[in-house]
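Let's work through a few exercises together. Take your time with each task before reading its solution.

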Amino acid sequence: MFKKINHIGIAVKNLDDALSVFQDTLGMTCAGIEEVEDQKVRTACLPVGESEIELLESTSPEGNIARFIEKRGEGIHHIAFEVDNLEAVLEELKGKGVQLIDQKPRIGVGGIKIAFLHPKSSNGVLVELCEARD
Ligand code: ZN
């Protein structure tokens with residue numbers, strides 16, 4: 001069902017500060033910065049092999065990322081797995097009793113279809129599923 005880890009989302013207070021760590025210190029390269037308005041985040045993607053690190057900075061104190069950092073501090077926010085047919089996978093997981101945050105796919109960073117599962121259903125880990133474009 002899951003093809004690979006597409007990316008790991010990391011909640012950061014300040015994207016520019018985090019970028020200087022991940023680029024200048026860790027030697028990664030930023031492939032793009034994008035704001036996703038409905039999720040109230042500014043993101044930076046840094047490819048690592050077949051996967052990416054997705055740095056997430058909140059654009060609003062009310063945003064999910066701001067609330068996450070308030071509660072738990074900066075750090076890993078979610079893991080995103082790549083699937084072939086997101087609608088079908090969501091139906092299958094729903095049938096297995098998995099709690100979904102998104103009942104239907106929505107559009108995430110990079111314009112790809114994404115959906116989140118409830119962390120209650122995966123040992124406290126927020127799981128994102130995404131369907132890569134060919
Ligand atoms: Zn993500």
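The exercises below are about a predicted model.

**Exercise 1. Find the protein donors of the zinc ion and describe the site.**

Step 1: Start with the donor atoms. The zinc ion is held by H7 (NE2), E54 (OE), H78 (NE2) and E128 (OE), at 2.0 to 2.4 Å.

Step 2: Look at the angles. Among the four donor atoms they run from 84 to 159 degrees. A tetrahedral site would need all angles between 85 and 135 degrees, and the site of the zinc ion is irregular.

**Exercise 2. Decide whether E54, H78 and H77 are buried or exposed.**

Step 1: Recall the cut-off: buried means under 20% relative accessible area.

Step 2: Apply it to each residue. E54 has 6% relative accessibility, so it is buried. H78 has 2%, so it is buried. H77 has 13%, so it is buried too.

Step 3: Beyond its sequence neighbours within four places, H77 touches residues including G9, L56 and L126.

**Exercise 3. Describe where R133 lies and what it contacts.**

Step 1: R133 is in the segment after β8 (127-131).

Step 2: With a relative accessible area of 60%, R133 is exposed.

Step 3: Leaving out neighbours within four places in sequence, R133 contacts G110, G111 and I112. The C-alpha atoms of R133 and G110 are 9.6 Å apart.

Methods
Residues numbered from 1 in each chain as written. Predicted model: local features only at pLDDT ≥ 70, side-chain atom pairs only at ≥ 80, totals over all residues. Heavy atoms only, no water. Buried < 20%, exposed > 50% of the residue type's maximum accessible area, 1.4 Å probe, protein only. Contact = heavy atoms within 4.5 Å. Helix = DSSP H or I, 4+ residues; strand = E, 2+ residues; numbered from the N terminus. Donors = N, O, S within 2.8 Å, 3.2 Å for Na, K, Ca; no water. Tetrahedral: all angles 85-135°; square planar, octahedral: opposite > 155°, others 65-115°.
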